[in-house]
Amino acid sequence: MSWINALIQGIFLGGLFVLFAAGLSLLFGVMEVINLAHGDIAVAGGYLAVVLIPILHIPAIWIFIVVVPVFVVIGYLVQRLLFQPSLKSGSLTTLLVTFGLSVIIENLLLEGFSANSHSLSIGRLGSGAFRITSQLSISYLSVVILFVAIATIVLIQLGLSRTKTGRIIRAVADDREAAQLIGADYKHVFGIAAGVAFGTVALAGLALSMYSQITPSAGPTYLIYGFEAVVIGGLGSLWGTLAGGIVLGVAATIGLVASANFGALAPHLVFLAILAIRPQGFFPKKALA
Amino acid sequence: MMSGDRVRPLLEVEDLTVNYGQLTALDGVSFTVEESSIFAVIGANGAGKSTLMRTVAGLHKPVRGRILLEGIDITSVPAHLRVEKGIALVPEGRRLFSSLSVEENLLTGFYRGRKGPWTLSRIYEMFPWMPSRRTQRASLLSGGEQQAVAISRALLANPKLLLIDELSLGLAPIVVRSIYSSFSSLLESGLTILLVEQDVSQARSIASHIHCLLEGRTTLFGGPRDFSAAEIEAAYFGIAEPNLELGTL
(Lines give C-alpha, C1' and ligand atoms only; values in the text may rest on other atoms or scores of the structure.)
Protein backbone atom coordinates (compact mmCIF):
# COMPACT_ATOMS: atom_id res chain seq x y z
CA MET A 1 0.00 0.00 0.00
CA SER A 2 2.77 2.42 0.85
CA TRP A 3 4.20 2.00 -2.66
CA ILE A 4 0.91 2.89 -4.26
CA ASN A 5 0.65 5.80 -1.87
CA ALA A 6 4.16 6.91 -2.86
CA LEU A 7 3.35 6.60 -6.53
CA ILE A 8 0.26 8.75 -6.24
CA GLN A 9 1.89 11.34 -3.97
CA GLY A 10 4.75 11.41 -6.45
CA ILE A 11 2.48 12.28 -9.34
CA PHE A 12 1.15 15.21 -7.34
CA LEU A 13 4.63 16.31 -6.25
CA GLY A 14 5.52 16.15 -9.94
CA GLY A 15 3.03 18.95 -10.50
CA LEU A 16 5.28 21.28 -8.51
CA PHE A 17 8.32 20.26 -10.58
CA VAL A 18 6.35 20.79 -13.77
CA LEU A 19 5.55 24.36 -12.70
CA PHE A 20 9.25 24.99 -12.15
CA ALA A 21 10.12 23.43 -15.48
CA ALA A 22 7.47 25.00 -17.75
CA GLY A 23 9.14 28.41 -17.96
CA LEU A 24 12.59 26.89 -18.42
CA SER A 25 11.25 24.81 -21.28
CA LEU A 26 9.66 27.84 -22.90
CA LEU A 27 12.76 30.05 -22.56
CA PHE A 28 14.94 27.33 -24.01
CA GLY A 29 12.47 26.44 -26.75
CA VAL A 30 11.98 29.99 -27.97
CA MET A 31 15.34 31.72 -27.53
CA GLU A 32 17.66 28.95 -26.34
CA VAL A 33 18.31 30.79 -23.10
CA ILE A 34 19.27 28.60 -20.17
CA ASN A 35 18.09 30.58 -17.19
CA LEU A 36 20.12 29.68 -14.10
CA ALA A 37 18.19 32.24 -12.07
CA HIS A 38 14.90 30.46 -12.68
CA GLY A 39 14.67 28.88 -9.22
CA ASP A 40 15.61 32.14 -7.52
CA ILE A 41 12.99 34.03 -9.50
CA ALA A 42 10.41 31.54 -8.25
CA VAL A 43 11.57 32.06 -4.67
CA ALA A 44 11.45 35.82 -5.18
CA GLY A 45 7.84 35.38 -6.28
CA GLY A 46 7.13 33.61 -3.00
CA TYR A 47 8.73 36.42 -1.02
CA LEU A 48 6.79 39.04 -2.94
CA ALA A 49 3.64 37.25 -1.77
CA VAL A 50 4.98 37.16 1.81
CA VAL A 51 5.35 40.95 1.66
CA LEU A 52 2.13 41.73 -0.19
CA ILE A 53 -0.37 39.57 1.69
CA PRO A 54 -0.33 41.58 4.95
CA ILE A 55 -0.45 44.84 2.97
CA LEU A 56 -3.21 43.96 0.55
CA HIS A 57 -5.25 41.74 2.90
CA ILE A 58 -5.82 39.23 0.14
CA PRO A 59 -6.18 35.55 1.11
CA ALA A 60 -2.86 33.86 0.30
CA ILE A 61 -4.39 31.54 -2.27
CA TRP A 62 -5.50 34.52 -4.39
CA ILE A 63 -2.21 36.43 -4.22
CA PHE A 64 -1.21 35.02 -7.61
CA ILE A 65 -3.62 37.53 -9.16
CA VAL A 66 -1.15 40.25 -8.17
CA VAL A 67 2.17 38.38 -8.19
CA VAL A 68 1.89 36.70 -11.59
CA PRO A 69 1.22 39.90 -13.60
CA VAL A 70 4.08 41.64 -11.77
CA PHE A 71 6.42 38.82 -12.82
CA VAL A 72 5.16 38.87 -16.39
CA VAL A 73 6.19 42.52 -16.58
CA ILE A 74 9.50 41.82 -14.82
CA GLY A 75 10.12 38.96 -17.26
CA TYR A 76 9.57 41.20 -20.26
CA LEU A 77 11.89 43.85 -18.85
CA VAL A 78 14.61 41.39 -17.80
CA GLN A 79 14.59 39.91 -21.28
CA ARG A 80 14.77 43.25 -23.04
CA LEU A 81 17.27 44.91 -20.73
CA LEU A 82 19.43 42.05 -19.47
CA PHE A 83 19.18 38.84 -21.49
CA GLN A 84 18.76 40.39 -24.94
CA PRO A 85 21.99 42.43 -24.93
CA SER A 86 23.88 39.33 -23.77
CA LEU A 87 22.44 37.11 -26.51
CA LYS A 88 24.57 38.89 -29.09
CA SER A 89 27.74 37.77 -27.32
CA GLY A 90 26.77 34.11 -27.44
CA SER A 91 24.95 31.65 -25.25
CA LEU A 92 27.80 31.37 -22.74
CA THR A 93 27.50 35.07 -21.92
CA THR A 94 23.77 34.70 -21.41
CA LEU A 95 24.41 31.74 -19.12
CA LEU A 96 26.78 33.85 -17.04
CA VAL A 97 24.30 36.73 -16.93
CA THR A 98 21.58 34.44 -15.58
CA PHE A 99 24.05 33.02 -13.07
CA GLY A 100 24.88 36.54 -11.93
CA LEU A 101 21.18 37.32 -11.63
CA SER A 102 20.76 34.19 -9.51
CA VAL A 103 23.50 35.30 -7.08
CA ILE A 104 22.08 38.82 -6.87
CA ILE A 105 18.53 37.65 -6.16
CA GLU A 106 19.69 35.22 -3.48
CA ASN A 107 21.75 37.86 -1.71
CA LEU A 108 19.07 40.51 -1.91
CA LEU A 109 16.57 38.08 -0.41
CA LEU A 110 19.05 37.16 2.30
CA GLU A 111 19.53 40.85 3.04
CA GLY A 112 15.82 41.56 3.15
CA PHE A 113 14.39 38.47 4.80
CA SER A 114 17.34 36.80 6.62
CA ALA A 115 18.04 33.09 6.17
CA ASN A 116 14.88 32.09 8.05
CA SER A 117 12.30 30.16 6.13
CA HIS A 118 8.93 31.63 5.23
CA SER A 119 5.76 30.05 4.02
CA LEU A 120 2.32 31.12 2.94
CA SER A 121 -0.49 29.92 5.14
CA ILE A 122 -3.61 29.06 3.19
CA GLY A 123 -5.69 27.58 6.02
CA ARG A 124 -7.89 24.57 5.40
CA LEU A 125 -6.78 24.18 1.81
CA GLY A 126 -3.26 23.59 3.09
CA SER A 127 -4.11 21.13 5.82
CA GLY A 128 -7.17 19.34 4.44
CA ALA A 129 -7.06 16.25 2.30
CA PHE A 130 -9.16 13.88 0.27
CA ARG A 131 -9.30 10.56 2.10
CA ILE A 132 -9.25 7.86 -0.54
CA THR A 133 -8.66 4.95 1.84
CA SER A 134 -7.52 4.80 5.44
CA GLN A 135 -3.92 4.88 4.31
CA LEU A 136 -4.18 6.99 1.20
CA SER A 137 -5.06 10.64 1.32
CA ILE A 138 -4.23 13.43 -1.04
CA SER A 139 -4.00 16.99 0.21
CA TYR A 140 -6.24 19.58 -1.43
CA LEU A 141 -3.22 21.72 -2.18
CA SER A 142 -1.43 18.91 -4.06
CA VAL A 143 -4.47 18.49 -6.25
CA VAL A 144 -4.63 22.23 -6.89
CA ILE A 145 -0.93 22.39 -7.74
CA LEU A 146 -1.07 19.48 -10.18
CA PHE A 147 -4.17 20.97 -11.77
CA VAL A 148 -2.50 24.36 -12.13
CA ALA A 149 0.63 22.72 -13.56
CA ILE A 150 -1.31 20.79 -16.19
CA ALA A 151 -3.43 23.83 -16.98
CA THR A 152 -0.28 25.91 -17.40
CA ILE A 153 1.24 23.46 -19.86
CA VAL A 154 -2.02 23.09 -21.79
CA LEU A 155 -2.59 26.85 -21.95
CA ILE A 156 0.95 27.58 -23.14
CA GLN A 157 0.62 24.82 -25.70
CA LEU A 158 -2.75 26.10 -26.93
CA GLY A 159 -1.47 29.65 -26.92
CA LEU A 160 1.48 28.68 -29.07
CA SER A 161 -0.49 26.58 -31.51
CA ARG A 162 -3.78 28.46 -31.79
CA THR A 163 -3.17 32.17 -31.32
CA LYS A 164 -1.65 34.71 -33.65
CA THR A 165 0.95 35.69 -31.06
CA GLY A 166 1.79 32.03 -30.51
CA ARG A 167 2.29 31.56 -34.21
CA ILE A 168 4.68 34.50 -34.30
CA ILE A 169 6.56 33.18 -31.25
CA ARG A 170 7.07 29.86 -33.06
CA ALA A 171 8.08 31.67 -36.24
CA VAL A 172 10.68 33.68 -34.32
CA ALA A 173 11.93 30.50 -32.63
CA ASP A 174 12.30 28.87 -36.06
CA ASP A 175 14.03 31.69 -37.88
CA ARG A 176 14.64 35.05 -36.27
CA GLU A 177 15.69 36.79 -39.45
CA ALA A 178 12.87 35.47 -41.61
CA ALA A 179 10.50 36.61 -38.86
CA GLN A 180 11.77 40.18 -39.24
CA LEU A 181 10.87 39.94 -42.90
CA ILE A 182 7.22 39.39 -42.03
CA GLY A 183 7.36 42.36 -39.69
CA ALA A 184 8.01 40.68 -36.37
CA ASP A 185 10.16 42.57 -33.87
CA TYR A 186 11.88 39.50 -32.46
CA LYS A 187 13.13 41.32 -29.38
CA HIS A 188 9.56 42.18 -28.45
CA VAL A 189 8.48 38.60 -29.17
CA PHE A 190 11.29 37.27 -26.96
CA GLY A 191 10.12 39.66 -24.27
CA ILE A 192 6.60 38.24 -24.44
CA ALA A 193 7.92 34.68 -24.19
CA ALA A 194 10.07 35.65 -21.20
CA GLY A 195 7.08 37.36 -19.60
CA VAL A 196 5.06 34.16 -19.85
CA ALA A 197 7.99 32.12 -18.52
CA PHE A 198 8.43 34.44 -15.52
CA GLY A 199 4.69 34.35 -14.87
CA THR A 200 4.70 30.56 -14.69
CA VAL A 201 7.77 30.44 -12.46
CA ALA A 202 6.13 32.93 -10.10
CA LEU A 203 3.27 30.43 -9.85
CA ALA A 204 5.86 27.77 -9.04
CA GLY A 205 7.27 29.95 -6.25
CA LEU A 206 3.82 30.56 -4.79
CA ALA A 207 3.03 26.85 -4.96
CA LEU A 208 6.30 26.01 -3.22
CA SER A 209 5.74 28.51 -0.42
CA MET A 210 2.26 27.10 0.17
CA TYR A 211 3.34 23.48 -0.18
CA SER A 212 6.42 23.74 2.04
CA GLN A 213 8.75 26.62 2.87
CA ILE A 214 11.03 28.98 1.05
CA THR A 215 14.44 30.26 2.06
CA PRO A 216 16.57 32.68 0.04
CA SER A 217 18.81 29.80 -1.04
CA ALA A 218 16.04 27.36 -2.01
CA GLY A 219 16.06 28.36 -5.68
CA PRO A 220 18.91 26.25 -7.08
CA THR A 221 17.49 23.01 -5.63
CA TYR A 222 14.29 23.48 -7.59
CA LEU A 223 16.15 24.79 -10.59
CA ILE A 224 17.85 21.39 -10.79
CA TYR A 225 14.53 19.56 -10.65
CA GLY A 226 13.15 21.87 -13.28
CA PHE A 227 16.14 21.30 -15.54
CA GLU A 228 15.97 17.57 -15.14
CA ALA A 229 12.29 17.58 -16.02
CA VAL A 230 13.00 19.62 -19.16
CA VAL A 231 15.93 17.44 -20.24
CA ILE A 232 14.35 14.04 -19.72
CA GLY A 233 11.14 15.27 -21.31
CA GLY A 234 13.04 16.38 -24.40
CA LEU A 235 14.43 19.89 -24.74
CA GLY A 236 11.81 22.41 -25.70
CA SER A 237 8.89 19.97 -25.64
CA LEU A 238 6.21 21.11 -23.21
CA TRP A 239 4.41 17.77 -23.11
CA GLY A 240 7.79 16.16 -22.42
CA THR A 241 8.32 18.61 -19.58
CA LEU A 242 4.99 17.57 -18.07
CA ALA A 243 5.94 13.90 -18.28
CA GLY A 244 9.46 14.60 -17.01
CA GLY A 245 8.24 16.51 -13.95
CA ILE A 246 5.88 13.74 -12.98
CA VAL A 247 8.55 11.05 -13.41
CA LEU A 248 10.84 13.02 -11.09
CA GLY A 249 8.08 13.49 -8.55
CA VAL A 250 7.35 9.79 -8.49
CA ALA A 251 11.06 9.02 -8.20
CA ALA A 252 11.32 11.35 -5.20
CA THR A 253 8.42 9.86 -3.23
CA ILE A 254 9.25 6.25 -4.07
CA GLY A 255 12.86 6.91 -3.09
CA LEU A 256 11.60 8.30 0.18
CA VAL A 257 9.72 5.08 0.91
CA ALA A 258 12.83 3.03 0.17
CA SER A 259 14.94 5.05 2.57
CA ALA A 260 14.50 8.35 4.35
CA ASN A 261 17.73 9.70 2.85
CA PHE A 262 17.04 8.43 -0.60
CA GLY A 263 14.16 10.77 -1.43
CA ALA A 264 16.36 13.68 -2.47
CA LEU A 265 18.79 11.51 -4.40
CA ALA A 266 16.39 9.26 -6.31
CA PRO A 267 15.18 11.85 -8.86
CA HIS A 268 18.76 12.67 -9.82
CA LEU A 269 19.57 8.98 -10.27
CA VAL A 270 16.48 8.49 -12.41
CA PHE A 271 17.50 11.55 -14.40
CA LEU A 272 20.97 10.11 -15.03
CA ALA A 273 19.54 6.70 -15.92
CA ILE A 274 17.11 8.18 -18.45
CA LEU A 275 19.83 10.37 -19.86
CA ALA A 276 22.03 7.30 -20.36
CA ILE A 277 19.32 5.24 -22.03
CA ARG A 278 17.52 7.96 -23.97
CA PRO A 279 19.67 11.09 -24.15
CA GLN A 280 17.22 12.87 -26.45
CA GLY A 281 14.48 12.67 -23.80
CA PHE A 282 10.95 11.31 -24.06
CA PHE A 283 9.76 13.71 -26.75
CA PRO A 284 12.76 15.00 -28.64
CA LYS A 285 12.12 18.46 -29.98
CA LYS A 286 11.33 18.66 -33.64
CA ALA A 287 9.97 22.09 -33.16
CA LEU A 288 8.28 24.22 -30.57
CA ALA A 289 4.76 23.04 -29.75
CA MET B 1 10.83 64.86 -48.58
CA MET B 2 9.97 66.27 -51.95
CA SER B 3 6.79 66.15 -53.93
CA GLY B 4 7.62 67.86 -57.18
CA ASP B 5 5.74 67.75 -60.44
CA ARG B 6 7.64 64.64 -61.45
CA VAL B 7 6.23 61.34 -60.19
CA ARG B 8 8.89 59.76 -58.02
CA PRO B 9 9.97 56.24 -58.74
CA LEU B 10 8.88 53.62 -56.22
CA LEU B 11 12.39 52.79 -55.10
CA GLU B 12 15.53 54.89 -55.30
CA VAL B 13 18.86 53.49 -54.25
CA GLU B 14 21.60 56.12 -54.04
CA ASP B 15 25.29 55.39 -53.71
CA LEU B 16 24.64 52.35 -51.55
CA THR B 17 27.76 51.00 -49.84
CA VAL B 18 27.65 48.04 -47.48
CA ASN B 19 30.55 46.46 -45.63
CA TYR B 20 30.91 43.00 -44.17
CA GLY B 21 33.63 43.61 -41.62
CA GLN B 22 36.65 44.63 -43.72
CA LEU B 23 35.03 43.50 -46.93
CA THR B 24 33.06 45.88 -49.14
CA ALA B 25 30.07 43.90 -50.38
CA LEU B 26 28.41 46.79 -52.19
CA ASP B 27 30.28 49.82 -53.43
CA GLY B 28 28.36 52.91 -54.49
CA VAL B 29 25.43 51.21 -56.20
CA SER B 30 22.64 53.46 -57.48
CA PHE B 31 19.49 52.72 -59.42
CA THR B 32 15.78 53.49 -59.51
CA VAL B 33 12.87 51.12 -59.88
CA GLU B 34 9.71 52.43 -61.51
CA GLU B 35 6.30 51.39 -60.32
CA SER B 36 4.72 48.27 -61.85
CA SER B 37 7.92 47.04 -63.43
CA ILE B 38 10.22 44.11 -63.04
CA PHE B 39 13.80 45.06 -62.27
CA ALA B 40 16.37 42.28 -62.39
CA VAL B 41 19.74 42.37 -60.69
CA ILE B 42 22.17 39.95 -62.29
CA GLY B 43 25.72 38.98 -61.48
CA ALA B 44 27.97 36.12 -60.55
CA ASN B 45 28.32 34.62 -57.08
CA GLY B 46 29.69 37.12 -54.61
CA ALA B 47 28.71 40.10 -56.75
CA GLY B 48 26.68 41.58 -53.89
CA LYS B 49 23.21 40.79 -55.21
CA SER B 50 21.91 39.21 -52.03
CA THR B 51 23.51 41.94 -49.94
CA LEU B 52 21.67 44.49 -52.05
CA MET B 53 18.32 42.77 -51.53
CA ARG B 54 18.91 42.33 -47.81
CA THR B 55 19.93 45.95 -47.44
CA VAL B 56 16.79 47.16 -49.22
CA ALA B 57 14.79 44.90 -46.87
CA GLY B 58 16.62 46.37 -43.88
CA LEU B 59 18.67 43.40 -42.73
CA HIS B 60 21.97 45.22 -43.37
CA LYS B 61 22.88 48.78 -42.51
CA PRO B 62 24.70 50.61 -45.26
CA VAL B 63 27.80 52.62 -44.33
CA ARG B 64 26.98 55.13 -47.04
CA GLY B 65 24.10 55.97 -49.32
CA ARG B 66 20.33 56.15 -49.07
CA ILE B 67 17.28 54.06 -49.83
CA LEU B 68 14.10 55.94 -50.67
CA LEU B 69 10.68 54.39 -50.98
CA GLU B 70 8.21 56.69 -52.76
CA GLY B 71 10.62 59.52 -52.09
CA ILE B 72 10.81 58.88 -48.36
CA ASP B 73 14.18 58.03 -46.85
CA ILE B 74 13.90 54.62 -45.16
CA THR B 75 17.63 53.95 -44.78
CA SER B 76 17.46 53.84 -41.00
CA VAL B 77 14.10 52.06 -40.69
CA PRO B 78 14.62 48.57 -39.14
CA ALA B 79 13.66 45.53 -41.21
CA HIS B 80 10.51 44.65 -39.29
CA LEU B 81 9.07 48.14 -39.79
CA ARG B 82 9.70 48.14 -43.53
CA VAL B 83 7.00 45.49 -44.00
CA GLU B 84 4.21 47.90 -43.14
CA LYS B 85 5.83 50.49 -45.40
CA GLY B 86 5.33 48.07 -48.27
CA ILE B 87 8.54 46.09 -48.71
CA ALA B 88 8.53 42.29 -48.62
CA LEU B 89 11.54 40.10 -49.27
CA VAL B 90 11.43 36.49 -50.42
CA PRO B 91 14.82 35.54 -48.99
CA GLU B 92 17.43 33.33 -50.55
CA GLY B 93 16.84 29.72 -49.55
CA ARG B 94 13.11 30.50 -49.01
CA ARG B 95 13.44 30.48 -45.24
CA LEU B 96 9.99 29.12 -44.43
CA PHE B 97 9.19 28.57 -40.76
CA SER B 98 9.92 24.87 -40.57
CA SER B 99 7.72 23.99 -37.60
CA LEU B 100 4.72 25.87 -38.98
CA SER B 101 2.25 24.35 -41.39
CA VAL B 102 1.90 25.65 -44.93
CA GLU B 103 -1.14 27.71 -44.01
CA GLU B 104 0.45 29.02 -40.82
CA ASN B 105 3.43 30.14 -42.88
CA LEU B 106 1.08 31.98 -45.19
CA LEU B 107 -0.80 33.57 -42.30
CA THR B 108 2.41 35.03 -40.88
CA GLY B 109 2.40 37.22 -43.98
CA PHE B 110 -0.59 39.09 -42.56
CA TYR B 111 1.17 39.82 -39.26
CA ARG B 112 2.31 43.35 -40.07
CA GLY B 113 1.18 43.41 -43.65
CA ARG B 114 -0.79 46.16 -45.35
CA LYS B 115 -4.38 46.00 -46.50
CA GLY B 116 -4.61 45.06 -50.13
CA PRO B 117 -5.78 42.70 -52.82
CA TRP B 118 -3.92 39.61 -51.61
CA THR B 119 -5.93 37.15 -49.59
CA LEU B 120 -5.53 33.51 -48.70
CA SER B 121 -8.21 32.50 -51.21
CA ARG B 122 -6.49 34.40 -54.00
CA ILE B 123 -3.22 32.62 -53.21
CA TYR B 124 -5.02 29.28 -53.23
CA GLU B 125 -6.47 30.21 -56.61
CA MET B 126 -3.01 30.93 -57.96
CA PHE B 127 -1.53 27.70 -56.56
CA PRO B 128 -4.33 25.12 -56.72
CA TRP B 129 -2.21 22.40 -55.06
CA MET B 130 -1.85 24.44 -51.89
CA PRO B 131 -5.22 24.08 -50.12
CA SER B 132 -5.03 20.29 -49.95
CA ARG B 133 -1.60 20.49 -48.33
CA ARG B 134 -2.19 23.45 -46.08
CA THR B 135 -1.93 21.47 -42.84
CA GLN B 136 1.41 19.90 -43.79
CA ARG B 137 4.62 21.14 -42.30
CA ALA B 138 6.28 23.54 -44.68
CA SER B 139 9.56 21.65 -44.34
CA LEU B 140 8.01 18.61 -46.05
CA LEU B 141 7.32 20.44 -49.31
CA SER B 142 9.54 20.21 -52.38
CA GLY B 143 11.84 23.10 -53.24
CA GLY B 144 9.49 24.54 -55.84
CA GLU B 145 6.50 24.27 -53.54
CA GLN B 146 8.44 25.97 -50.76
CA GLN B 147 9.36 28.78 -53.12
CA ALA B 148 5.69 29.21 -54.01
CA VAL B 149 4.80 29.39 -50.30
CA ALA B 150 7.62 31.86 -49.66
CA ILE B 151 6.42 34.12 -52.48
CA SER B 152 2.84 33.79 -51.28
CA ARG B 153 3.84 34.65 -47.72
CA ALA B 154 5.46 37.82 -49.00
CA LEU B 155 2.48 38.66 -51.24
CA LEU B 156 0.04 38.36 -48.34
CA ALA B 157 1.79 41.30 -46.70
CA ASN B 158 0.43 43.21 -49.73
CA PRO B 159 3.73 44.92 -50.50
CA LYS B 160 4.26 47.71 -52.97
CA LEU B 161 7.72 46.33 -53.66
CA LEU B 162 8.36 42.61 -53.77
CA LEU B 163 12.01 41.58 -53.47
CA ILE B 164 12.87 38.08 -54.64
CA ASP B 165 16.35 36.74 -54.01
CA GLU B 166 17.52 33.88 -56.24
CA LEU B 167 14.13 32.57 -57.23
CA SER B 168 15.46 29.84 -59.52
CA LEU B 169 18.22 28.54 -57.24
CA GLY B 170 17.80 24.81 -56.78
CA LEU B 171 14.56 24.64 -58.75
CA ALA B 172 13.77 22.70 -61.90
CA PRO B 173 13.51 24.95 -64.99
CA ILE B 174 9.86 24.01 -65.50
CA VAL B 175 9.03 25.13 -61.96
CA VAL B 176 10.89 28.39 -62.50
CA ARG B 177 8.95 29.03 -65.70
CA SER B 178 5.63 28.39 -64.04
CA ILE B 179 6.45 30.79 -61.19
CA TYR B 180 7.65 33.46 -63.61
CA SER B 181 4.56 33.07 -65.73
CA SER B 182 2.46 34.11 -62.73
CA PHE B 183 4.35 37.41 -62.54
CA SER B 184 2.41 39.17 -65.27
CA SER B 185 -0.74 38.99 -63.16
CA LEU B 186 1.23 40.34 -60.20
CA LEU B 187 2.26 43.39 -62.20
CA GLU B 188 -1.34 44.02 -63.16
CA SER B 189 -2.22 44.21 -59.49
CA GLY B 190 0.14 47.19 -59.21
CA LEU B 191 3.05 45.32 -57.69
CA THR B 192 6.65 46.21 -58.44
CA ILE B 193 9.22 43.43 -58.43
CA LEU B 194 12.94 43.70 -57.76
CA LEU B 195 14.59 40.35 -58.21
CA VAL B 196 17.96 38.71 -58.23
CA GLU B 197 18.55 36.16 -60.94
CA GLN B 198 21.65 34.23 -61.89
CA ASP B 199 20.09 32.97 -65.08
CA VAL B 200 20.71 35.91 -67.42
CA SER B 201 18.45 34.77 -70.24
CA GLN B 202 15.63 34.29 -67.76
CA ALA B 203 16.20 37.77 -66.38
CA ARG B 204 16.28 39.31 -69.86
CA SER B 205 13.05 37.65 -70.86
CA ILE B 206 10.96 38.95 -67.98
CA ALA B 207 12.56 42.17 -66.73
CA SER B 208 12.08 45.66 -68.07
CA HIS B 209 15.41 46.68 -66.57
CA ILE B 210 18.54 44.74 -65.83
CA HIS B 211 21.34 45.81 -63.56
CA CYS B 212 24.58 43.86 -63.48
CA LEU B 213 26.83 43.77 -60.43
CA LEU B 214 30.42 42.60 -60.23
CA GLU B 215 32.28 42.57 -56.92
CA GLY B 216 29.86 45.06 -55.44
CA ARG B 217 30.00 47.55 -58.31
CA THR B 218 27.62 48.28 -61.13
CA THR B 219 29.03 47.07 -64.45
CA LEU B 220 26.01 47.45 -66.69
CA PHE B 221 22.44 48.71 -66.54
CA GLY B 222 19.59 49.40 -68.89
CA GLY B 223 16.83 47.69 -70.83
CA PRO B 224 17.20 43.95 -71.41
CA ARG B 225 17.44 44.40 -75.18
CA ASP B 226 19.96 47.23 -75.05
CA PHE B 227 22.88 44.87 -74.90
CA SER B 228 24.18 41.88 -76.78
CA ALA B 229 24.75 38.61 -75.00
CA ALA B 230 28.47 39.17 -75.31
CA GLU B 231 28.24 42.59 -73.66
CA ILE B 232 26.27 41.19 -70.78
CA GLU B 233 28.68 38.30 -70.43
CA ALA B 234 31.58 40.71 -70.27
CA ALA B 235 29.88 42.77 -67.56
CA TYR B 236 28.85 39.65 -65.68
CA PHE B 237 32.33 38.17 -65.50
CA GLY B 238 34.29 41.41 -65.69
CA ILE B 239 36.14 40.54 -68.85
CA ALA B 240 36.38 44.11 -70.11
CA GLU B 241 36.10 47.47 -68.38
CA PRO B 242 32.58 48.76 -68.98
CA ASN B 243 31.69 52.39 -69.53
CA LEU B 244 29.50 53.26 -66.61
CA GLU B 245 28.35 56.63 -67.83
CA LEU B 246 26.61 55.25 -70.86
CA GLY B 247 25.53 52.12 -69.15
CA THR B 248 27.04 50.17 -72.00
CA LEU B 249 30.35 48.61 -72.83
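Predicted model: local features only at pLDDT ≥ 70, side-chain atom pairs only at ≥ 80, totals over all residues.
View 1. As for the complex, the predictor gives an ipTM of 0.88 and a pTM of 0.90.

**View 2. Helices H3 and H4 of chain A cross.** Here you're looking at H3(A), residues 64-87, and H4(A), residues 91-113. Their axes come within 8 Å and cross at roughly 150 degrees. Angles over 145 degrees count as roughly antiparallel, so that is the label for H3(A) and H4(A). The crossing itself is right-handed. On the H3(A) side, look for Leu82(A), Phe83(A), Ser86(A) and Leu87(A); on the H4(A) side, Thr93(A), Thr94(A), Val97(A) and Leu101(A) make the contact. Sorted by class, that gives five nonpolar residues, three polar ones and no charged ones.

**View 3. Helices H10 and H11 of chain A cross too.** H10(A) covers residues 219-233 and H11(A) covers residues 238-258. The two axes come within 7 Å, crossing at roughly 125 degrees, which means H10(A) is oblique to H11(A). This crossing is right-handed. From H10(A), the residues in the contact include Tyr225(A), Glu228(A) and Ile232(A). Among their partners on H11(A) are Gly240(A), Ala243(A), Val247(A) and Leu248(A). What classes do the residues of this contact divide into? Seven are nonpolar, five are polar and one is charged.

Note on methods. Residues numbered from 1 in each chain as written. Chains lettered and ligands numbered in written order. Axes fitted to C-alpha atoms, helices over the stretch in contact; angles between N-to-C directions. Helix = DSSP H or I, 4+ residues; strand = E, 2+ residues; numbered from the N terminus. Parallel < 35°, antiparallel > 145°, perpendicular 65-115°, else oblique. Left-handed = near helix turned anticlockwise from the far one by under 90°. Contact = placed C-beta atoms within 7 Å. Nonpolar A, V, L, I, M, F, W, Y, C, P; charged D, E, K, R; others polar.
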